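Have the sequence and the 3D view open as you read.

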Amino acid sequence: MEIGTVRRVDIVEQMRGAYLDYAMSVITARALPDVRDGLKPVQRRILYAMDDMGLHHDTAYKKSARIVGEVLGKYHPHGDSAVYDAMVRMAQDFAMRYPLVDGQGNFGSVDGDNAAAMRYTEARLDSIAEELLEDIHKDTVDFVENFDGSLKEPTVLPSRLPALLLNGASGIAVGMATNIPPHNLAEVCDAICFLVDKYQKLDDVTVEDLMNYIQGPDFPTGGSILGSEGIRAAYATGKGRVVVRAKAHIEDLKGGRSAIIVTELPYQVAKAGLLEKIAELVRAKRLESISDLRDESDRTGMRIVIELKRGAEPETTLNQLLKHTALQTTFGVNMLALVSGEPRVLSLKRILSLFIDHRHEVIVRRTRYELKRAQQRSHILEGLRIALDNLDEVIATIRSSRNAETALSNLRRKFKLTEIQARAILDMQLRRLAALERKKIEDEYAELLKRIKYWKGLLASPKKVLALIKEEVQSIKSKYGDARRTRITDVETVGTHEFSADDLVADDEVLVVMTRNGYIKRQVSGSYRTKRGGDRGVAGIGTRQSDSISFIFEASTRDMILCFTNRGKVYQVRAHEIPDVERQVKGVPIGNLIPVESGETVTAAIAAPSFVDEGYFTMVTFRGVGKRVRMSEFEAIRPSGLVAIKLNEGDELGWVKLTRGDQEIVVVTEKGRAIRIREGDIRPMGRNAVGVSIMKLEPENHVAGVDVVDPDGELLVVTERGYAKRSLLIEYPIQNRGGAGVLAMDVKKIVKVGAIVAARVVTPKDELILVSSAGMVLRVRVSVVQQFKRGVWPARDLPESRVMDLKEEDRLASVTRLSPRNTQSARTSTTGSKQGGARRSEGGKTSGTPSAKPTKKQTAKPTTSKSSRTSKAKGRTSKSKGVAKKAEVGSTSGQKKTSGTKKRQEKPSAEASGKVSTKKVARKSPTTKGKATRSPRPGALPRKKSIVKGDSPVSRKRGKKRPLSAGSSPKKEK
């Protein structure tokens, strides 16, 4: 029994053919728009169906369900959701730059809410959509049969608007996708007019010429586009990448708090999803500076309020939001559209020229249609004119005819008329015989002749067609043109759109601590509060018994830290990459951050935000060899490091200072000698050079400190037993390099006070952070340090000159100088205006550089008197462990305590009045009742009370607790 015909086929070829048919169907009939009207088939069918239903912008709304049913039943045999979703999108003003459907009801929102069901909403055509359908019934476009062959539908709309650019398009086909951004109508119209004028020389038109008119995409939700490079690439090749950022500003709130206000979002970003993402980041503690988040949007516009915690930096938080949320997105431009039924990636010029060609064809076809109808009408009017001129004969002929057919033939034969003309005469009403009606026929005929002449001339001249295109485009611009919503921002004015780690880090002042065994950490700059000299300090770091603090310096979290090692190499690490730990935690090994080799230790570090200025890195080794290298040579440091200086055998790099080329350097040795030289004596060298000798040193002597000279400053030297002294820098003469220097202290006192471990150029307003090898940290003012002449250190003043009380086995390790501007978190250079590329430089076992601006010039030299020494000796209080107790002395801020609860009264100091007091000053105190206290030592700067915040003295009244700074504990701060 024969069942059917069996046909052998190749399964591969069969599947390939079927898949290609399906793919082309999706490409041409679903996903991709036509370059001529910028519409997908479903959008085109919706607009045509609404026009066929008479739903114009000035008519009543109709239910969306009725419109969807009309489209489904006549033109689009797919699901109702596909049609309704397309219609909803064309009605959303946040999705379409120029909505084509005028919707009434809930058509969704920018929050991402869906539209109401089609049975609840109503719609009609928007006025601008009618421009797409204009002249569609004048044979301007081709019509094809619908899916069942019962009706005709247009293959494309006449489209007086370049809708492909105005509203853009997005769709995913098989193996390809399109993503065209919306543009501003006025700009696109201007570009079309420009191309029309250059139509004969289109090849000469460049992308830059078009961008003089079209600045870039114009999204309905506004926002900002960063830079124009992506726009230029998209317009030139059809593919590009545009970065869109939300519009936000910062408002100040009460209580010193700030808020970020977002008023515009990037295109296609749902507001509700954005808020949920921000809340999720806050819950995950990835954004810890946000305290509140709320949506205050209303009918007047969008307003998202992001409140920040007190002290949070709004710029940093905003950068974090832009990095981790959709407040900044990338719009990938892929201008793919159908050209003659085939998908093509198009440039901006190609899209505009194809639209002009489309309008040229529409105008020509419309003109031919109008001309044909005018010619037909004029032919009829010519017959009517003949009948009116021979009215009596025409009437007699009709009356004498037997029937209408006979009358038709008689009229044609007698007056030489065509059949159309004769029928028009027979159909003419009697009212047309009136004089006024006859005048109307004459006027209509004359008008038709003019229009026929115009249309014939239009068809014969392509230039006139182009001029008409330009005229229509200008009319569209005047009718629908509006202002641009999206701003094109120059990248250089806002920073690159790619965020670096620095953009996401708060710009905070921190202290970086490093130990001799190579552990590093950072902590807030206010971890240590100011104390009086002679205190023991607080625990600054938990170190092992064999480890001790090497140096501590101040930096910003956004700085680049240059780490110089004892072997003359330099590495770099970001300050924010250094772990932020508690004060007692020792940190992490430096080898986790930079690839130091075994036995290589960091001996100097510099915090520099950039290397844009022409400054120098001045290096000094432990054996007194110096060298200068330009900053620019360290701009690009490899991860494996660079050679900074070539060292002699047995020598190590110890200090690196940031200088500007016209300064002076002071070098101090362990044995108490100092030399002051001009920076210019050390010529600039390459990175691989050895350097030159700065100072002659004995074999057992080494450099203990290096700093940049402030002519009006003072030289502070600190010994390993915690003793310190100040002397004016004017007492140190400028010498040529290579000399032995001058005495900075009495070398005979080294046995008692210990060798010098640090030397700093300071001013009385500065503060010091002293760190011991055991990890104890003390923050004091420079003014508490005794001032002596350059080469002296009176034996009787040794106990008073001890600024840090150290245990017998402990030694002072490092000293950091904090200038007033640094303590106030001022962002200024420490080496002058020419050195703006770096903020602070720290070197060797000590850190801190003098400020560029000199302090008030000090000319008074320290003096002593026998009477004052006598009174001081009599009023000297008892000692404990060789450290003087803190007895109050008369000074510029001297205070007299009459009881434990009475307020202190200020007395002018001897130094302030310019006289040296020789009288005893008696006072009573809880610790020294009835004893006369010592008078201030002539020439010595007064001691001051501990400062917690600013210059406010700490209250010592009974019952009041002393304020504690961040990171301190009540037990350790008693």
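## Ground rules

First, a word you'll meet a lot: buried means under 20% relative accessible area, exposed means over 50%, and partly exposed is in between, with a 1.4 Å probe and protein chains only. Helices (H or I, at least four residues) and strands (E, at least two) are DSSP runs, numbered from the N terminus.

This is a predicted model, where local features need pLDDT of at least 70, side-chain atom pairs count only at pLDDT 80 or more, and totals for chains, interfaces and linings use all residues. Residues are numbered from 1 along each chain as its sequence is written, and side-chain values use heavy atoms, with hydrogens and water left out.

## The chain as a whole

The protein chain has 974 residues, and 51% of them are buried. Take contacts (heavy atoms within 4.5 Å) between residues at least 6 apart in sequence: 73% of them join residues at least 24 apart.

## A covered hairpin

Now go to strand β36, residues 724–728, where five of the five residues are buried. Ala 724, Arg 726 and Leu 728 point one way, while Lys 725 and Ser 727 point the other way.

Its partner is β35 (residues 714–719), which pairs with β36 in the antiparallel sense over five bridges; two strands count as paired if DSSP finds at least two bridges between them. Leu 716 has Arg 726 of β36 as its bridge partner. The two strands make a hairpin with four residues between them, and Gly 722 in the turn has a positive phi of about 90°.

## A four-stranded sheet

Another spot for strand pairing is an open, antiparallel sheet of four strands, in the order β34-β31-β32-β37. The edges are β34 (703–708) and β37 (742–743); each has a single partner strand, so one side of each lacks a neighbour in the sheet. Further in, β31 (residues 664–669) and β32 (residues 673–678) run antiparallel and are joined by five bridges. Glu 664 sits opposite Arg 678 in β32.

## Core and enclosed helix

A nonpolar core here is a set of buried Ala, Val, Leu, Ile, Met, Phe, Trp, Tyr and Cys residues joined through side-chain atoms within 4.5 Å. The largest one has 88 residues, and the members touching the most others are Ile 46, Leu 47, Leu 100, Leu 185 and Leu 352. Helix α7 (residues 185–197) gives the most to this core, with nine residues. Leaving aside residues up to four places away in sequence, Leu 100 touches several residues, including Leu 39, Leu 47, Met 90 and Asn 167.

Helix α11 (residues 314–324) is largely enclosed by the rest of the structure, because eight of its 11 residues are buried. Among them are Pro 314, Asn 319, Gln 320 and Leu 322.

## Salt bridges

A salt bridge is a side-chain nitrogen of Lys or Arg within 4 Å of a carboxyl oxygen of Asp or Glu. The whole structure has 51 of them. Asp 37 and Arg 44 form one, with the closest N and O atoms 2.8 Å apart, and both residues are buried.

Glu 444 and Arg 377 form another, also with a closest N and O separation of 2.8 Å. Glu 444 is in helix α16 (residues 435–460) and Arg 377 in helix α12 (residues 348–389), so this pair ties together parts 67 residues apart in sequence. Glu 444 is partly exposed at 29% relative accessibility. Then there is Glu 597 with Arg 567, at 3.3 Å from N to O. This pair links two loops 30 residues apart, one between β25 (588–589) and β26 (602–608), the other between β23 (560–565) and β24 (569–574).

## A nonpolar patch outside

Ile 11, Val 12 and Met 15 form a nonpolar surface patch with about 310 Å² of accessible area together. (Patches are made of residues with over 30% relative accessible area and no salt bridge: like charges are joined within 9 Å, nonpolar side chains, meaning Val, Leu, Ile, Met, Phe, Trp and Tyr, within 5 Å.) Ile 11 belongs to helix α1 (residues 11–31) and is exposed, with a relative accessible area of 56%.

Technical notes: Accessible areas come from the Shrake-Rupley method with a 1.4 Å probe; for residues, only the protein chains shown count as cover.
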